Amino acid sequence: MKSIKLLLVVCASFLVFAACGNGQNQNDKDKETVKATSVTVSPDLAYWDLQGPVKRCDYVEFDREGKMVRLDNYDPFALEAPSRDYDTVTGMFSDLCQWTRDEQGRIFSITCFESYEEMTWNNGRVEIVLDYYEGRLWKSVLEYDSNGHLAKRSEYNGDEDAEDDADLELFSTIEYTYLDFDNHGNWTRRNVKSIDAIIDYIDTVEETRNIEYYQ
């Protein structure tokens with residue numbers, strides 16, 4: 001604003017030229033802002049509690065639009081069906097799960113070899129997760145802080161044919177405390193406090209993650 005006033009005093013005609021140039025620059029800035037905003041609020045980034053031009057977070061990769069493209073070196077949205085591999089050397093099973101999105105482009109379900117998980121979204125965040133496994137239903141209710149970071153996860157358990165919450169039992173709550181953030185506003189270190197509602201047991205661990213950004 002000060003530079004524009006100065007130009008006005010010096011030369012009105014130069015001001016007109018400068019305004020046109022500044023308007024073009026502003027348009028470019030607006031386009032950049034829209035692009036940055038679209039990345040920040042993409043559903044896939046929100047699912048992983050990320051924002052900004054994230055390229056990779058640990059084992060998850062994203063394109064420049066904030067869309068998840070690879071998980072553990074495979075595209076989970078490209079699978080026609082889930083599968084399971086067995087490593088004869090380690091004796092461990094490795095699942096390749098099939099992921100789907102809803103009509104709004106949000107992650108909706110994860111189908112693995114022996115389980116099925118479904119998400120319900122609210123205000124741009126996952127609010128409820130239903131996980132069906134071996135005849136049981138595991139329901140997670142997620143709560144967020146004022147900055148949109150996951151603050152608490154309440155987990156319930158019951159038969160897979162449970163009709164309502166009255167048929168489910170709270171078995172644990174998980175509370176998240178954030179310790180470090182990077183210059184993009186993404187957490188890199190947090191404490192995870194698990195409280196067992198059945199046996200009154202509390203366990204706290206520290207989680208970290210490595211994030212790589214597009215330049």
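Guide: Let us start with the polar contact, which is a pair of N or O atoms within 3.5 Å; within protein, one must be able to donate a hydrogen and the other to accept it, and residues adjacent in sequence count only if both atoms are side-chain atoms. In this structure, the side chain of R153 makes such a contact with the side chain of E155 at 3.2 Å. The side chain of R153 also meets that of S140 in a polar contact of 3.3 Å. Two remarks on the source apply throughout: this is a predicted model, in which local features need pLDDT of at least 70 and side-chain atom pairs count only at pLDDT 80 or more, while totals for chains, interfaces and linings use all residues. Residues are numbered from 1 along each chain as its sequence is written, and side-chain values use heavy atoms, with hydrogens and water left out.

Visitor: Where does R153 lie, and which residues does R153 touch beyond those up to four places away in sequence?

Guide: Helices (H or I, at least four residues) and strands (E, at least two) are DSSP runs, numbered from the N terminus. R153 belongs to strand β11. Contact means heavy atoms within 4.5 Å. By that criterion, and not counting residues up to four places away in sequence, R153 touches V129, S140, V141, L142, S172, T173, I174 and Y176.

Visitor: How many helices and strands does the chain have?

Guide: The chain has 3 helices and 15 strands. Among its contacts between residues at least 6 apart in sequence, 30% join residues at least 24 apart.

Visitor: How is burial read, and what percentage of the chain counts as buried?

Guide: Burial rests on relative accessible area: buried means under 20%, exposed over 50%, and partly exposed in between (1.4 Å probe, protein chains only). Of the 215 residues of the chain, 28% count as buried. R190, in strand β13, is buried, with a relative accessible area of 11%. By contrast, R64 is partly exposed at 45%, and its place is in the loop between β2 (60-62) and β3 (68-71).

Visitor: What does R190 touch?

Guide: Leaving out residues up to four places away in sequence, R190 touches Y176, T177, Y178, L179, V205, E206 and E207. With Y178 there is also a polar contact of 3.2 Å between the two side chains.

Visitor: How is a pocket found, and what is the volume of the largest pocket?

Guide: Rolling a probe the size of a water molecule over the atoms shows where empty space is left. On a 1 Å grid over the protein atoms alone, where a 1.4 Å probe fits, a pocket is an open set of points with protein on both sides within 12 Å along at least five of seven lines; lining residues have an atom within 4 Å of a point. Grid points are joined across faces, edges and corners, and a volume is the space filled by probe spheres set on the points. The largest pocket has a volume of about 950 Å³. It is lined by 41 residues, of which Y47, W48, Y59, R153 and R190 are the closest to its centre. Strand β10 gives the largest share of this lining, 5 residues.

Visitor: Which residues have a positive phi although they are not glycine?

Guide: N73 has a positive phi of about 70°, and N123 has a phi near 55°. N73 is in the loop between β3 and β4 (83-87) and counts as exposed at 59% relative accessibility. N123 lies in the loop between β8 and β9 and is exposed at 74%.
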